[in-house]
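Hi everyone, thanks for coming.

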Amino acid sequence: MATRVTPHYSLSAPGTAWVKPAFSLPYSLHSSSSPGFKMSSASVPPLPDNRVVLGCGAVSVDFLATVAAYPNPDDKIRSTSFKVQGGGNAGNASTCAARLGLKPRLISKVADDPQGKGILEELEADGVDSSFIVVSEGGNSPFSYVVVDEQTKTRTCIHTPGYPPMIPDELTESNLLAALDGARLVYFDGRLQDTALVVAQEATRRGIPILIDAESKREGLDDLLNLSTYAICSVKFPEAWTDSPSIPSALVSMLLKLPKLKFVIVTLGEDGCLMLERSSENDLSEEADVDDLLETLKHKKDSNTSWPTCISSSEVKLRAKGIGTVGGRLLLGTAEKIPPSELVDTTGAGDSFVGAVLFALCDNMPPEKMLPFAAQVAGIGCRALGARTGLPQRTDPRLASFLL
């Protein structure tokens, strides 16, 4: 088991020595320690009563390099900036949740190498409980090379998994029960499938809601989906998983195939997100084609606003041709329109969206507020290099309208 450590060093590239940092980086575009930047403690509402969330999934080290343009084969180019930072979907989402005020715990695995030590230190420094992360003797911690293209504002990731991989026996029953004790939510990013299923089954027995991040089709993901209360999907996942002809019809199919799901969200990048929230069909008389309903919602968007918004349908029977009907609401969330001069890096934007949804669920935010809030958190994070550098603190004034 990993023990809590006090952070003193920054991460270094594989095989190199540790380097003590000369200064600490700000958490967001403007330093959160600058005078007048934070909301006063009196103006911030109380935190949720139960703030404990348990994550299970990937942690890693990200080696990020920005380039003027992505190279062609055999090119030799120079980076314009470089950063070494913790990464991994579960690590990023948990970090985001911690900065918003939750108390995340994390189940994962690293090696006893310098990268593993740095991963644990960075998580602890942000308030993530890393005591349930397994540390192996020997092997290597997971790491990724991330190339950020300044011209196209895209990023390319090359991931090297950790070794040896985590197996369920490394999570003792006592640690599993301790990790779940008092948890408001459990979150999975789809990695560590065998261990994740053990955690999910115990969470289900205890009646703890489960949120799954369905980024892509993976071995064991279906077992987790069948136990999940909430799902957040990447743009390509719903159609790929359901073989449906459109995203709206795929969301209907997912709710029909997964009766425990209360809602499913698909993130659409700069186009925002789409959410289907389940409701009982018993008292619903009106029926609507789900694809037509999405087009209606799109026409209601205010193209003049740069802030994230949400447009919702009423509760109706949502029909998907050739698939079936489900009672619910369709909600269209817009993304922040970030000026090109401020957009730096989209690495981890989906993870920060997930972290913000975790906070919103603990705070009992209605969907109409949750979707713009999560989009705003993700947008703020895109203004700095790396998945975590720009993640906002709860006192960030750009979040004030959602929290006050």
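Three elements each supply at least two residues of the lining of the largest cavity: strand S1, residues 52-56, helix H1, residues 89-99, and strand S4, residues 103-107. Please keep in mind that this is a predicted model.

Which of these elements gives the most to that lining? That would be S1, with three residues.

The largest cavity is lined by Val53, Leu54 and Gly55, then Ser94 and Ala97, then Pro104 and Arg105, and finally Tyr187 and Leu358. If we sort that lining by class, six residues are nonpolar, two are polar and one is charged. As for the space in there, the largest cavity holds about 40 Å³.

How many cavities of 30 Å³ or more turn up when the whole structure is searched? The search finds two, so let's visit the other one.

The second largest cavity has a volume of about 30 Å³. Around it you'll find Asp345, Thr346, Thr347, Gly348, Ala349 and Ser352, along with Ala378, Gly381, Cys382, Ala387 and Leu391. Here the elements giving two or more residues to the lining are two helices, H9 at 349-362 and H10 at 367-381. By class, the lining of this second largest cavity has five nonpolar residues, five polar ones and one charged.

Key
Residues numbered from 1 in each chain as written. Predicted model: local features only at pLDDT ≥ 70, side-chain atom pairs only at ≥ 80, totals over all residues. Heavy atoms only, no water. 1 Å grid on protein atoms, 1.4 Å probe; cavity = no way out; pocket = protein on both sides within 12 Å on 5 of 7 lines; lining within 4 Å. Points joined across faces, edges and corners; volume = space filled by probe spheres on them. Helix = DSSP H or I, 4+ residues; strand = E, 2+ residues; numbered from the N terminus. Nonpolar A, V, L, I, M, F, W, Y, C, P; charged D, E, K, R; others polar.
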